[in-house]
Amino acid sequence: MAVSGMVERPILSHPQSITDLTDCPLYPTHFAQIFSVLKDFIARAGLVPYNITKQKGELKYILLTESQMDGGLMLRFVLRSETKLPLIQREFAGLMAKLPQLKVVSLNIQPQHAAILEGEKEIFLTEQQTLPESFNQIPLFIRPQGFFQTNPKVAEGLYRTAQQWIKDLPITHLWDLFCGVGGFGLHCATVLQQTNPNKDIELTGIEISASAIAAATQSAQQLSLKNVSFQALDAKNFAFEQSKTPDLVIVNPPRRGIGTELAQFLNKLAPHFILYSSCNAETMGKDLTELTDYQLQKIQLFDMFPHSHHYEVLCLLERKTK
């Protein structure tokens with residue numbers, strides 16, 4: 001939620017709007033009460049909303065995440081500086097008393113006057129730094145500065161579909177590129193190990209965010225998966241440096257897609273299968289035209305944000321027989 005208005009009467013809204021959206025039905029209904037408590041906290045801690053035009057104020061965004069597993073919350077305040085930290089610490093106990101479901105609370109410092117959601121520095125106010133979640137009995141962990149699918153019910157179906165599509169395929173070695181907290185890779189490696197208990201399933205997950213990689217590693221440890229490696233690297237650079245071909249490459253790129261270079265490299269690398277998850281079918285379509293050595297086997301759309309134009313598309317590609 002972008003924060004605007006006055007410190008005594010803050011407005012929580014979409015970044016391009018000045019209309020208060022705390023009662024928007026897109027959120028869980030009980031968030032309205034939580035937002036009310038947060039508005040009171042903003043006033044008590046003197047967190048002056050950042051004024052884009054005047055380039056003054058401190059509080060830019062509030063980021064709120066709820067775990068469907070136990071209802072725990074992660075709350076992040078995106079601030080221009082650390083100036084208000086003493087006041088926040090003074091009022092923090094009162095906030096925790098009103099919202100005992102808060103498990104992870106942090107301040108993110110984003111000093112730039114730019115349309116950037118978060119900065120590099122994260123100051124934790126709680127000892128706990130990860131929010132546990134569970135999709136299809138796969139433990140996942142949400143951390144600040146790590147990507148996580150926003151709609152848990154639909155994301156759970158997305159990962160379950162990926163599992164079902166690949167569980168009976170001849171796969172023992174897989175890459176998960178742009179892996180985030182490891183959702184796709186962990187789901188696929190787990191079901192492949194269950195289907196092939198006498199084989200060693202090898203998973204390599206690559207993601208630029210060190211925070212997300214820490215969460216993925218934590219999940220792998222809980223699952224007691226062997227031969228699993230998660231690394232904080234650029235996905236394209238990692239792929240270009242490899243000589244061993246995996247059986248399956250999973251890609252879940254940003255909206256820009258995987259791009260021509262990586263698509264053409266995958267043609268040369270020649271994994272037997274590619275599982276492509278996209279939040280932008282237009283860029284995915286362009287990538288598929290570059291993946292000339294592959295044919296589409298399965299495709300499904302997931303309505304990630306009902307009543308909006310946002311969606312996720314999952315497709316399974318198989319290498320063409322020469």
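Across the interface of domain 1 and domain 2 in this predicted model, the rule finds 2 residue pairs in polar contact, both at pLDDT 80 or more, whereas the number of salt bridges found across that interface is 0. On the side of domain 1 that touches domain 2, at least two residues each are supplied by β4 (73-79), β5 (102-109) and β6 (121-124), and β6 gives the largest share, 3 residues. The residues of that side divide into 3 nonpolar, 5 polar and 5 charged. In terms of contact, 13 residues of domain 1 meet 9 residues of domain 2, and the two domains bury about 840 Å² between them, with 61% of it on carbon and sulfur atoms. The domain assignment places domain 1 at 2-126 and domain 2 at 134-319, and their C-alpha centres lie 32 Å apart.

The structure as a whole holds 10 salt bridges. One of them joins Lys 39 to Asp 20, with the closest N and O atoms 2.8 Å apart; because Lys 39 lies in helix α1 (residues 31-44) and Asp 20 in the loop between β2 (10-13) and α1, this pair ties together parts that are 19 residues apart in sequence. Lys 39 is partly exposed, at a relative accessible area of 22%, and Asp 20 is also partly exposed, at 25%.

Another salt bridge is formed by Glu 82 and Lys 121, whose closest N and O atoms are 2.5 Å apart. Here the pair links distant parts of the chain, 39 residues apart, with Glu 82 in the loop between β4 and α2 (85-98) and Lys 121 in strand β6.

How values were computed
Residues numbered from 1 in each chain as written. Predicted model: local features only at pLDDT ≥ 70, side-chain atom pairs only at ≥ 80, totals over all residues. Heavy atoms only, no water. Domains from an automatic or database assignment. Contact = heavy atoms within 4.5 Å. Buried area = accessible area lost by both parts, 1.4 Å probe. Salt bridge = Lys/Arg side-chain N within 4 Å of Asp/Glu carboxyl O. Polar contact = N/O pair within 3.5 Å; in protein donor to acceptor, adjacent residues only side chain to side chain. Helix = DSSP H or I, 4+ residues; strand = E, 2+ residues; numbered from the N terminus. Nonpolar A, V, L, I, M, F, W, Y, C, P; charged D, E, K, R; others polar. Buried < 20%, exposed > 50% of the residue type's maximum accessible area, 1.4 Å probe, protein only.
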